[in-house]
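Welcome, and please take a moment to look over the protein shown here.

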Amino acid sequence: MIYLDHHATTPVDPEVVAAMLPWLTTDFGNPHSRTHSIGRRAAQACDEAMDELAAMIGGESSSIVVTSGATESNNLALDGFARHPRQRRRHIITSAAEHPAVLDPLRRLERDGFRVTVLPVARQGGDRCGTIDLGQLGEALSDDTAIVSIMWANNEIGTIEQITEIAALAHGVGAVFHTDATQALGRLPLNVAAADIDLLSGSAHKFYGPKGIGFLYVNAARRRVRLRPLLEGGGQQRGLRSGTLNTPGLIGMATALRVALRDRENEQDRQQRLRDDLWQRLAEAFPGIELNGPPLRGDIRLAGNLNVSLADIEGETLMVASPEVAISSGAACSSVDPRPSHVLTAIGLSESRARRSLRFGLGRMTESGQVESTIGHLAAGRKKVLGH
């Protein structure tokens with residue numbers, strides 16, 4: 001099978017597997033059992049991994065809270081900040097193109113009395129397709145705004161947001177800024193200090209690490225961001241996230257980000273060339289195909305992202321007819337939802353066009369020969385369904 005769904009998940013890098021193995025076998029100690037050498041060795045390894053993670057994103061060593069992934073990190077950031085007893089503000093701002101792991105917790109907060117403003121995103125056809133309008137954000141901000149949450153890079157159409165400018169606007173009214181950086185980590189240059197970010201979420205399995213491990217960066221330097229924990233228990237991680245640390249997962253996550261950043265620029269250039277070739281071949285093989293999201297050229301689209309709409313067949317139908325290629329028609333978490341992509345409809349696509357969409361996510365293991373093979377498999381699948 002040709003795997004082109006790297007926005008959903010990535011294969012674990014062999015270097016990551018090698019780094020994790022000792023902590024799954026011989027060095028199995030509980031990092032919170034510091035009364036003996038086995039536990040202390042695990043604790044030291046976890047401390048070093050968190051220090052490395054913080055350094056790679058430009059944060060302080062005490063700023064990392066290890067979680068089960070970006071969904072938990074987003075919930076802890078939004079729910080934890082909004083419901084902290086010292087937090088009095090009742091207004092939250094986000095965008096219509098956010099991941100459900102942001103939108104769903106905010107709907108819950110809205111049901112509980114918070115006021116949530118969902119900003120529209122730029123419509124299809126504009127050079128900044130999928131981004132929020134900074135002027136609209138400025139108008140929505142008020143002295144009652146507690147937190148602004150805008151994703152760094154979109155998981156469906158690859159749009160890259162103006163994070164530094166958004167953070168500055170939020171801070172101008174005393175609000176904190178959170179970003180879901182799940183798709184940005186390992187793909188884009190990212191520094192939380194330079195961008196002045198207060199809260200940042202990530203998942204290891206999006207940058208060739210293991211599933212079930214992620215982190216939340218919590219600004220401990222410029223602002224004292226206080227969170228109410230989601231989990232109560234042993235008081236681990238300064239009481240912000242109780243539970244035994246996943247030692248092999250944490251070490252795998254730090255290793256994965258290090259490997260991803262090591263050759264990031266060359267790899268992103270390579271993926272962009274493959275992505276552009278894929279688009280050209282699709283346009284030749286599928287008359288009437290349309291590009292969804294921002295232009296391929298420019299600086300606001302992830303290099304390995306391609307989202308298209310076909311002229312005469314639904315995306316789900318073509319995927320079923322082309323089992324040799326692993327692609328998607330939207331976010332992996334929304335595969336059980338019969339509604340069309342909320343991201344595609346947010347940028348102005350009709351329900352019909354959204355249902356005819358396909359999302360390609362190219363990655364480190366994607367090879368040039370797979371592009372041509374993909375076109376062949378999809379064309380054969382289309383012919384199988386339509387008969388021509």
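What follows is a short tour, from the whole chain to single residues.

## Before we start

This is a predicted model, in which local features need pLDDT of at least 70 and side-chain atom pairs count only at pLDDT 80 or more, while totals for chains, interfaces and linings use all residues. Residues are numbered from 1 along each chain as its sequence is written, and side-chain values use heavy atoms, leaving out hydrogens and water.

## The chain as a whole

The protein chain has 13 helices and twelve strands. Both kinds of element are DSSP runs numbered from the N terminus: helices are H or I runs of at least four residues, and strands are E runs of at least two. Along its principal axes, the C-alpha trace spans about 70 × 55 × 35 Å. The radius of gyration of the protein chain is 21 Å, which agrees with the value near 21 Å of a compact globule with 388 residues. That radius is taken over C-alpha atoms, and the globule rule is 2.2 Å times the number of residues to the power 0.38.

How much of the chain is buried? Of the 388 residues, 56% count as buried; the word means under 20% relative accessible area, with exposed meaning over 50% and partly exposed in between (1.4 Å probe, protein chains only).

## Surface and charge

The protein chain exposes about 15,800 Å², and carbon and sulfur atoms supply 50% of that area. Accessible areas come from the Shrake-Rupley method with a 1.4 Å probe, and for residues only the protein chains shown count as cover.

There are 42 positive and 44 negative side chains, and the centres of the two sets lie 4 Å apart. Lys and Arg count as positive and Asp and Glu as negative, while His and the chain ends are not counted. Each charge is placed at NZ of Lys, CZ of Arg, CG of Asp or CD of Glu.

## A covered strand

Strand β6 covers residues 176-180, and five of its five residues are buried.

Strand β5 (residues 145-149) pairs with β6 in the parallel sense over three bridges; two strands pair if DSSP finds at least two bridges between them. Within this pairing, Val148 has Phe177 of β6 as its bridge partner.

Strands of a sheet pair through backbone hydrogen bonds, either parallel or antiparallel. Here β9, β10 and β12 form an open sheet in the order β9-β10-β12, with antiparallel pairing. Strands β9 (290-291) and β12 (357-361) stand at the edges with a single partner strand each, so one side of each has no neighbour in the sheet.

Strand β10 (residues 305-309) pairs with β12 over five bridges in the antiparallel sense. Ser309 stands opposite Ser357 in β12.

## Some buried residues

Leu302 sits in the loop between β9 and β10 and counts as buried because its relative accessibility is 1%. Setting aside residues up to four places away in sequence, Leu302 touches several residues, among them His7, Ala153, Gln183 and Arg275. Thr247, in helix α8 (residues 247-262), is also buried, with a relative accessible area of 4%. Its contacts beyond four places in sequence are with Trp23, Gly29, Pro31, Ala42 and Cys46.

Gly69 belongs to the loop between β2 (64-67) and α3 (70-82) and is buried at 8% relative accessible area. What lies 5.8 Å from Gly69, C-alpha to C-alpha? The answer is Gly212, which is 143 residues apart from Gly69 in sequence. Not counting residues up to four places away, Gly69 touches Gly202, Ser203, Ile213 and Gly214.

## Two positive phi angles

Most residues other than glycine have a negative phi. Asp196, however, has a positive phi near 60°. Asp196 lies in the loop between α7 (192-195) and β7 (199-203) and counts as buried at 17% relative accessibility.

Gln237 also has a positive phi, near 50°. Its place is the loop between β8 (214-218) and α8, and with 11% relative accessibility Gln237 counts as buried.

Conventions:
Contact means heavy atoms within 4.5 Å.
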